[in-house]
Amino acid sequence: MTKIIGLTGGIGSGKTMVAEYLKSLGIPVYIADDEAKNIMNTDEVVKTICNTFGKEIIYNGTINREKLAQLVFNNPEKLQKLNNIVHPEVKKHFDTWVEKHKYFPFVVKEAAILFESGSNNYCDAIITITCPLETRLKRVMERDKTDRESILKRIENQWTEEQRIAKSDYVIHNMSVEATKKQVDEILKILKNQ
């Protein structure tokens, strides 16, 4: 049976780089954030989100993600409501995706909020990527063209590195691309021999 490997880490920790490396090795990788964005644009989910948060978050028939983010990221109750709409849909989509990849020994589910969403409960092993906070902030400010305060607020809504590490089977310390790839290779060796 296909094993599910969870891949997580805080914003800017290097999940995308590791996911791309795993894909380059022929390992199927499910990017939960990307799939959630696609799912949020389906008619059914747009309607539910509109009914929950109001018509003002809809622009040209799609969700204005920036407006929605402003609405939920400073309000844990509203964030939970949004998660209750999106996460079950992502889970259904993921289960279908796993079925399509069932002949692989393992697949990887990359998710920033793997633990927060409860997705960790469906994983056979979990890899957490860590990286110094200042490096993460710099990466995200450059990538998202946003300010430090906005990123820190997003970080506050995620588990701490300590919390993630405590519940993970493997930890990658992302200090450089080459060192990170070496750590991934070591973990893959272990996973392949299990």
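Helices α2 and α5 pack with their axes 10 Å apart and at an angle of about 110 degrees. Axes here are lines fitted to C-alpha atoms, for helices over the stretch in contact, and angles run from 0 to 180 degrees between N-to-C directions. Helices (H or I, at least four residues) are DSSP runs numbered from the N terminus. The two helices are therefore roughly perpendicular to each other, given that angles of 65 to 115 degrees count as roughly perpendicular, those under 35 as roughly parallel, those over 145 as roughly antiparallel and the rest as oblique. The model is a predicted one, in which local features need pLDDT of at least 70 and side-chain atom pairs count only at pLDDT 80 or more, while totals for chains, interfaces and linings use all residues. Residues are numbered from 1 along each chain as its sequence is written, and side-chain values use heavy atoms, with hydrogens and water left out.

The crossing of α2 past α5 is right-handed; a crossing is given this hand if the near helix is turned clockwise from the far one by less than a right angle, and is left-handed if anticlockwise. On the α2 side the contact (heavy atoms within 4.5 Å) is made by E35, A36 and I39, and on the α5 side by V86, E89, V90 and H93. These residues divide into four nonpolar, one polar and two charged. In this division Ala, Val, Leu, Ile, Met, Phe, Trp, Tyr, Cys and Pro count as nonpolar, Asp, Glu, Lys and Arg as charged, and the others, Gly among them, as polar.

V90, a residue of helix α5, counts as buried at 7% relative accessibility. Buried means under 20% relative accessible area, exposed over 50%, and partly exposed in between (1.4 Å probe, protein chains only). Not counting residues up to four places away in sequence, V90 touches Y30, A36 and I39. V90 and A36 are 54 residues apart in sequence, yet their C-alpha atoms are 6.0 Å apart in space.

Helix α5 also packs with α3. The axes of α3 and α5 come within 11 Å and cross at roughly 165 degrees, which makes α3 roughly antiparallel to α5. This crossing, too, is right-handed. In α3, the residues V45, T48, I49, T52 and F53 meet K78, K81, L82, I85, V86 and E89 of α5. By class, the contact of α3 with α5 has six nonpolar, two polar and three charged residues.

The largest nonpolar core has 28 residues, and those with the most contacts inside it are M40, I49, F53, I63, L68, L82 and V86. Such a core is a set of buried Ala, Val, Leu, Ile, Met, Phe, Trp, Tyr and Cys residues joined through side-chain atoms within 4.5 Å. Two or more residues are given to this core by each of α2 (32-39), α3 (43-53), α4 (65-72) and α5 (76-100). Helix α5 gives the most, with eight residues. Leaving aside neighbours within four places in sequence, I49 is in contact with M40, G54, I57, I63, L68, L82, I85 and V86. A second, separate core has 20 residues, including L7, V29, Y170 and I187. In soluble globular proteins, nonpolar side chains tend to be buried together.

Helix α9 (residues 177-192) contains L188, which is buried, with a relative accessible area of 6%. L188 touches L22, L25, I27 and F106, residues up to four places away in sequence not being counted.

Helices α6 (residues 133-144) and α7 (residues 148-156) pack at an angle of about 115 degrees, their axes being 10 Å apart. Their crossing is right-handed. L133, E134, R136, L137, V140, M141, R143 and D144 of α6 meet R148, I151, L152, R154 and I155 of α7. The contact of α6 with α7 has seven nonpolar, no polar and six charged residues.

The loop between α6 and α7 holds K145. Phi of K145 is near 50 degrees, a positive value in a residue other than glycine, and K145 is exposed, with a relative accessible area of 72%. E156, placed in helix α7, likewise counts as exposed, at 65% relative accessibility. The C-alpha atoms of E156 and L68 are separated by 17 Å, the two residues being 88 apart along the chain.
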